[in-house]
Amino acid sequence: AVQDSLRAVGLEPDKLTANAKLGARDLFGALRRHDADVISVMDNGKANYYRVNDPLTLQSLTAAGPTTARALSVLLTAPGRVLRNAVVFDPAFALAHNLRMSLHAYLLTGASPIASMAEAVRQVRGPSPEALRLMAAGTVSGKYDISLPQRIRAEVSAPDYQRSLLDTPLKAARFLRDAGEHLIEASDLGPRIAVYKNALRNGASEAEALNAARDLLDFSTHGNGGAAMFLAQTVPFLNARWQGMARSYRGFGGADRNALLMRGSLMVGATVALWMNNKDDPRYQRLEDWDRQYAWHFWIGGQHIRLPKPFELGALFGTVPEMLLDYYDNQSGRQLWNAADALFTNVFKFNVIPIAIRSPLEVVTNHDFFTGRPIVNEREAALEQQLEAVRKQKKLAAISANKPLAAAYKSLKRLQHWL
């Protein structure tokens, strides 16, 4: 069979050396067995075969290349991409992200949260030398050094780019987009620079410090499985949660785990003290589960202040103690179950339904998966007949006449939720 295969490609078996025959036998035997470590590369229409000695390196190289997407995938990923971009360019999100990343960096590495926030403020005025080193080393999360490296060069080399005149709506839109990108970049860079400097102070090499800054929370990392990549693209912030859990796992299993547990215990102590202060406050009792799990709450002079919790570690050292204390205080198993359900669904992102499917599904079932409440409550449901009359008055009946969308636009409240 090997000789026939050699003749099929234009080689005469009798004229081959002994080593060539052994190589041919190994190659065609591997092809017949479909060995996973044998790959083919087309060159001028001819297949060249190679045996891979390091499959992880090959996977990394192929994952760095372009990915193909079918029409259905593009359709399902578009809503998630739009929502993700709209959220991350919000200044309020940038501030909350910096606060969460600062506490996240403190728990995992011991870097001062104050230093992380100060570095972020410093980056708003322009990239510092440390920021440029982190960018050049690929330690910045997101698309700046992964998907669009040319944009870094443009931003760094053209400082007057953002000072251009806003004499057209397009320039104004670009200015808002660039300002949002700059703000979220600064909020993310600050904690990484603090981690980088802290590692250098503790005797780490330049390469080790850069790696620590990148590994703080590497949003550019993703799995190689098709299902995982599809869900990461269609469910906003799902990949960030996966990488956050992976980083937390490495932290608990690493050499610094005792220091991590000590810093976490300090956070637990502060959480317990704040809970004792808030537990009898009607304002705190009225907060919903998702709001309690997102942030710590306190009031100064009647002003409600929310301090965002640091991702998964915030849930472990902040939210879980609050849930257990609530149960100890009121003995309500139902409340504990509802809080746990909200925690795993929203904080750990166990709800892996793509946003393009989830929103219509929520509208049809009249259930908000994030809050756990009906979109249209009983009181609002009684007003649907009046809302229908308003739609007819304003000549919007054509929308309801579209049968596939009739259920979604049954009320203005559901339409608002969908949007």
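Student: OK, pLDDT is the predictor's confidence in each residue, from 0 to 100. What is the mean pLDDT of the protein?

Tutor: The mean is 75, and 68% of the residues reach 70 or more. This is a predicted model, where local features need pLDDT of at least 70 and side-chain atom pairs count only at pLDDT 80 or more, while totals for chains, interfaces and linings use all residues. Residues are numbered from 1 along each chain as its sequence is written, and side-chain values use heavy atoms, with hydrogens and water left out.

Student: How many helices and strands are there?

Tutor: The protein has 23 helices and 4 strands. Helices (H or I, at least four residues) and strands (E, at least two) are DSSP runs, numbered from the N terminus.

Student: Which element has the highest mean pLDDT, and which the lowest?

Tutor: Helix H13 (residues 257-278) has the highest, at 94. Helix H22 (residues 403-406) has the lowest, at 40.

Student: Where does pLDDT stay under 50?

Tutor: Residues 142-149 are one such stretch, and the model gives them 18 contacts beyond four places in sequence. Residues 397-409 are another, with 15 contacts of that kind. A contact here means heavy atoms within 4.5 Å. Where pLDDT is low, the predicted coordinates should not be read in detail.

Student: How much of the protein is buried?

Tutor: Buried residues make up 35% of the 419 residues. Buried means under 20% relative accessible area, exposed over 50%, and partly exposed in between (1.4 Å probe, protein chains only).

Student: And what share of contacts join residues at least 24 apart?

Tutor: That share is 59%, among contacts between residues at least 6 apart in sequence.

Student: Let's get specific. Where is aspartate 326, and what does aspartate 326 touch?

Tutor: Aspartate 326 is in helix H16 (residues 311-330). Leaving out neighbours within four places in sequence, aspartate 326 is in contact with Trp275, Arg292, Gln331 and Gln335. With the side chain of tryptophan 275, the side chain of aspartate 326 makes a polar contact at 2.8 Å. A polar contact is a pair of N or O atoms within 3.5 Å; within protein, one must be able to donate a hydrogen and the other to accept it, and residues adjacent in sequence count only if both atoms are side-chain atoms.

Student: Is aspartate 326 buried or exposed?

Tutor: Aspartate 326 is buried, because its relative accessible area is 14%.

Student: What is phi like for phenylalanine 311?

Tutor: Phenylalanine 311 has a positive phi, near 55°. Most residues other than glycine have a negative phi. Phenylalanine 311 is also in H16, and is buried at 6% relative accessible area. Glutamine 331, in the loop between H16 and helix H17 (333-347), has a positive phi near 55° too.

Student: Switching to strands: how do S3 and S4 pair?

Tutor: Strand S3 (residues 295-300) and strand S4 (residues 303-308) pair in the antiparallel sense over 6 bridges. Two strands pair if DSSP finds at least two bridges between them. Histidine 297 has arginine 306 in S4 as its bridge partner. The hairpin has 2 residues between the strands, and glycine 301 takes a positive phi near 60° there.

Student: Which residues does leucine 287 contact?

Tutor: Beyond four places in sequence, leucine 287 is in contact with Arg292, His297, Trp299, His304 and Arg306. Leucine 287 is in the loop between helix H14 (282-285) and helix H15 (289-294), and counts as buried at 13% relative accessibility.

Student: How many residues of H5 are buried?

Tutor: In H5, 14 of 19 residues are buried, and the helix is mostly covered. Glycine 110 follows H5 and has a positive phi near 85°.
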